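Biologist: I am new to this structure and would like to go through it with you by question and answer. Could we take it one region at a time?

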Amino acid sequence: MKLVKELVIVVVFVLCSKFDTVSSQAYSWATSSNQPYLCSNIGVSVQSGVSNSGLICAQTEYPLTEGGMAGGSSELKCSSGVIKCFAFAGYGKVGGSCDGDEFKEDPSGEWALMPLELANQIIGQSSFSLIADSRTSLNGVPVSVTNAENIENMKLKVVAYCDESISGISSGESSDDNSANDASNMSDSSDLSSESESSVSDGEQAFLSSSKSYFVSAASTL
């Protein structure tokens, strides 16, 4: 009987450990970014310093130190759903850690925000591996960091939000009512994007257009 109790305790511990994902961790950040891919710019509420369901983190660097970068993975991976927006995304002299240190941009200004082109590639994916190719390139996308040639270690830090509701669409789970609601919500998002396009740059219009196409495509699968 004692052996059975011990086995039950071990099983419970293993199961709890298995389902403890990074999305339950509290991340802190401070950013001067106003890029259209920020969660706050598309109406997604995520709070710095508190546990937000759906938040994930990844980091890497250039050049990559032996054994890889301590304190996190270079892969953004949703436990469910797809990546919808970002809370923090910087490259160069940026601080913070997926272990819990606050993400922030260095006062020197020797850093750059994630390019819109790269954000377009990531949004809508359930996972994405970040690669710092060089001091001027992320996943093959050009990025310009002031004084990059003199920065010993270029850091890439990203905190993203996963929309767990999208998983219902990809898995085919839907009822007539849910399908109608999802399509309506996506239509609202498209309308908001259209209103914003008239006052944004060409790069931002490309991002909004890509996002709109993704949601319309998702709705058509219902």
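Biologist: Let us begin with cysteine 39: which residues does cysteine 39 touch, not counting residues up to four places away in sequence?

Modeller: Please keep in mind throughout that this is a predicted model. Cysteine 39 is found in the loop between β1 and β2, and the contacts listed for it leave out residues up to four places away in sequence. On that basis, the residues that cysteine 39 touches are Val44, Val46, Cys85, Phe86, Ala87 and Tyr161.

Biologist: Is cysteine 39 buried or exposed?

Modeller: A residue counts as buried when its relative accessible area is under 20%. Cysteine 39 has a relative accessible area of 2%, so the word for this residue is buried.

Biologist: How far apart in space are cysteine 39 and lysine 84, C-alpha to C-alpha?

Modeller: In sequence, cysteine 39 and lysine 84 are 45 residues apart. In space, taken from C-alpha to C-alpha, the separation of cysteine 39 and lysine 84 is 7.9 Å.

Biologist: Which residue of β12 stands opposite isoleucine 83?

Modeller: Strand β4 is joined by nine bridges to strand β12, residues 154-163, and the two run antiparallel. Within β12, the residue that stands opposite isoleucine 83 is cysteine 162.

Biologist: And which residue of β7 stands opposite tyrosine 91?

Modeller: Strand β4 also pairs with strand β7, residues 111-113, in the antiparallel sense and over three bridges. In β7, the residue that stands opposite tyrosine 91 is alanine 112.

Biologist: How many aromatic pairs are there, and what kind of pair do tyrosine 37 and phenylalanine 86 form?

Modeller: The count of aromatic pairs comes to two. In one of them, the rings of tyrosine 37 and phenylalanine 86 lie 5.4 Å apart from centre to centre, with 75° between the planes. This pair links distant parts of the chain, since tyrosine 37 is in the loop between β1 and β2 while phenylalanine 86 is in strand β4, 49 residues apart. Both residues are buried, and the kind of pair they form is edge-to-face.

Biologist: What is the word for the pair of phenylalanine 88 and phenylalanine 103?

Modeller: Phenylalanine 88 and phenylalanine 103 have ring centres 5.7 Å apart and planes at 35°, so the pair is tilted. Phenylalanine 88 belongs to strand β4 and phenylalanine 103 to strand β6, residues 103-105, and this pair too links distant parts of the chain, 15 residues apart. Both phenylalanine 88 and phenylalanine 103 are buried, and the word for their pair is tilted.

Biologist: In the open sheet of three strands, which strands stand at the edges?

Modeller: The three strands form an open sheet in the order β9-β10-β11, with antiparallel pairing. Each edge strand has a single partner strand, so one side of each is left without a neighbour in the sheet, and the strands at the edges are β9 and β11.

Biologist: Where is the cis peptide bond, and what is its omega?

Modeller: The place of proline 63 is in the loop between β2 and β3. The cis peptide bond runs from tyrosine 62 to proline 63, and its omega is near -10°.

Biologist: Is asparagine 147 exposed, partly exposed or buried?

Modeller: Asparagine 147 lies in the loop between β11 and β12, and its phi is positive, about 60°, although it is not a glycine. Its relative accessible area is 27%, so asparagine 147 is partly exposed.

Biologist: Which backbone nitrogen does the side chain of serine 97 reach?

Modeller: Serine 97 is in the loop between β5 and β6, and it is buried, with a relative accessible area of 10%. Its side chain reaches, at 2.9 Å, the backbone nitrogen of aspartate 99.

Biologist: Finally, what pLDDT does the chain average?

Modeller: Of the residues, 61% score at least 70, whereas over residues 7-23 the pLDDT is below 50 and over residues 214-222 it stays under 50. Where pLDDT is low, the predicted coordinates should not be read in detail. For the chain, the average pLDDT is 74.

Terms used: Residues numbered from 1 in each chain as written. Predicted model: local features only at pLDDT ≥ 70, side-chain atom pairs only at ≥ 80, totals over all residues. Heavy atoms only, no water. Pairing = 2+ DSSP bridges. Helix = DSSP H or I, 4+ residues; strand = E, 2+ residues; numbered from the N terminus. Buried < 20%, exposed > 50% of the residue type's maximum accessible area, 1.4 Å probe, protein only. Phe/Tyr/Trp six-rings, centres within 6.5 Å; stacked < 30°, edge-to-face > 60°. Contact = heavy atoms within 4.5 Å. Polar contact = N/O pair within 3.5 Å; in protein donor to acceptor, adjacent residues only side chain to side chain. pLDDT = per-residue confidence, 0-100.
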